[in-house]
Amino acid sequence: MRLLVMACLLSTAALLPRALAQTPPAPAAKPCATAEYRQFDFWLGDWNVKNAAGKDVGTNHLVSLHGGCAMQESWASPSGVTGSRLSGWDSSRKQWHQTWMDNGGNVLQLDGALADGKMVLAGDTNDPRTGSTTRNRVTWIPLADGRVRQWWEQSADGGKTWTTAFDGYYSRQ
């Protein structure tokens, strides 16, 4: 029995240096580590939102989710409107995708990209009562003073003319 124990100890001792010298496995690649996934990071954080006239119109909380693969927005206005938005880079389509839903039953789906330092996303909504289509274009602009401007425009004529639906200025809380 003693010989068996000694033989096991000696064989383990002989293999130990080789096992310790092996290179540990490389960490798994992070799927959302490319620069495209960081393009909207300027909007992360907690914000107070005012309109162009300086009136308080809401608060916003944006967080990174799922290892940086998605961003979630939580909006609340003084009038009681609440909403959430999920945004993320779609690597298969090489564009950003965003879905907004609020307590009024509204849904807005947008797609687009970063262009000239501005995030520009667009998508259509359909009014089931009238059958009309509205083109939506939302632009997020990082401003030099640290604020972010969100400018939402709508077109009822296929993009020939645009009206402003929302013009918000986000200041960090």
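**Entry 1. Terms and model**

I count as a nonpolar core a set of buried Ala, Val, Leu, Ile, Met, Phe, Trp, Tyr and Cys residues joined through side-chain atoms within 4.5 Å. Buried means under 20% relative accessible area, exposed over 50%, and partly exposed in between, with a 1.4 Å probe and protein chains only.

The model is predicted: local features need pLDDT of at least 70, side-chain atom pairs count only at pLDDT 80 or more, and totals for chains, interfaces and linings use all residues. Residues are numbered from 1 along each chain as its sequence is written, and side-chain values use heavy atoms, with hydrogens and water left out.

**Entry 2. Core**

I looked up the largest nonpolar core, which has 23 residues. F40, W43, W140 and Y170 touch the most other members. The elements giving two or more residues to this core are β1 (45-51), β2 (56-65), β3 (70-76), β5, β6, β7, β8 and β10 (163-172). Helices (H or I, at least four residues) and strands (E, at least two) are DSSP runs, numbered from the N terminus.

I then listed the contacts of Y170 (heavy atoms within 4.5 Å). Leaving aside neighbours within four places in sequence, Y170 is in contact with W43, W47, N48, V49, N60, W75, R147, V148 and Q150.

I followed the strand pairing, where two strands pair if DSSP finds at least two bridges between them. The barrel is closed by 10 strands in the order β1-β2-β3-β4-β5-β6-β7-β8-β9-β10, with antiparallel pairing. From one strand to the next the twist averages 25°; axes are lines fitted to C-alpha atoms, for helices over the stretch in contact, and angles run from 0 to 180 degrees between N-to-C directions.

β5 (residues 95-102) and β6 (residues 107-115) are antiparallel and share six bridges, with T99 partnered by Q109 in β6. Four residues separate β5 and β6 in their hairpin, and G105 in the turn has a positive phi of about 85°. Five bridges join β6 to β7, again antiparallel, and A115 stands opposite K118 in β7. The hairpin of β6 and β7 has two residues between the strands, and D116 takes a positive phi near 55°. Antiparallel strands β7 (residues 118-126) and β8 (residues 133-142) are joined by eight bridges; V138 in β8 is the bridge partner of L121.

**Entry 3. Disulfide**

I searched for cysteine sulfur pairs within 2.5 Å, the cut-off for a disulfide, and the count comes to one. The sulfur atoms of C32 and C69 are 1.7 Å apart. The torsion about the S-S bond is about 100°, so the disulfide is right-handed. C32 lies in the loop between α1 (2-21) and β1, and C69 in the loop between β2 and β3, 37 residues apart. C32 counts as buried because its relative accessibility is 6%, whereas C69, at 25%, is partly exposed.

**Entry 4. Salt bridges**

I counted 10 salt bridges, each a side-chain nitrogen of Lys or Arg within 4 Å of a carboxyl oxygen of Asp or Glu. R93 meets D90 at 2.7 Å, N to O, and D111 with the closest N and O atoms 2.8 Å apart. R93 lies in the loop between β4 (82-90) and β5 and D111 in strand β6, so the pair ties together parts 18 residues apart in sequence. R93 is partly exposed at 39% relative accessible area, and D111 is partly exposed at 26%.

D167 in β10 and R149 in β9 (residues 148-155) form a salt bridge with the closest N and O atoms 2.8 Å apart. Both D167 and R149 are buried. Shared partners join D90, R93 and D111 into one salt-bridge network.
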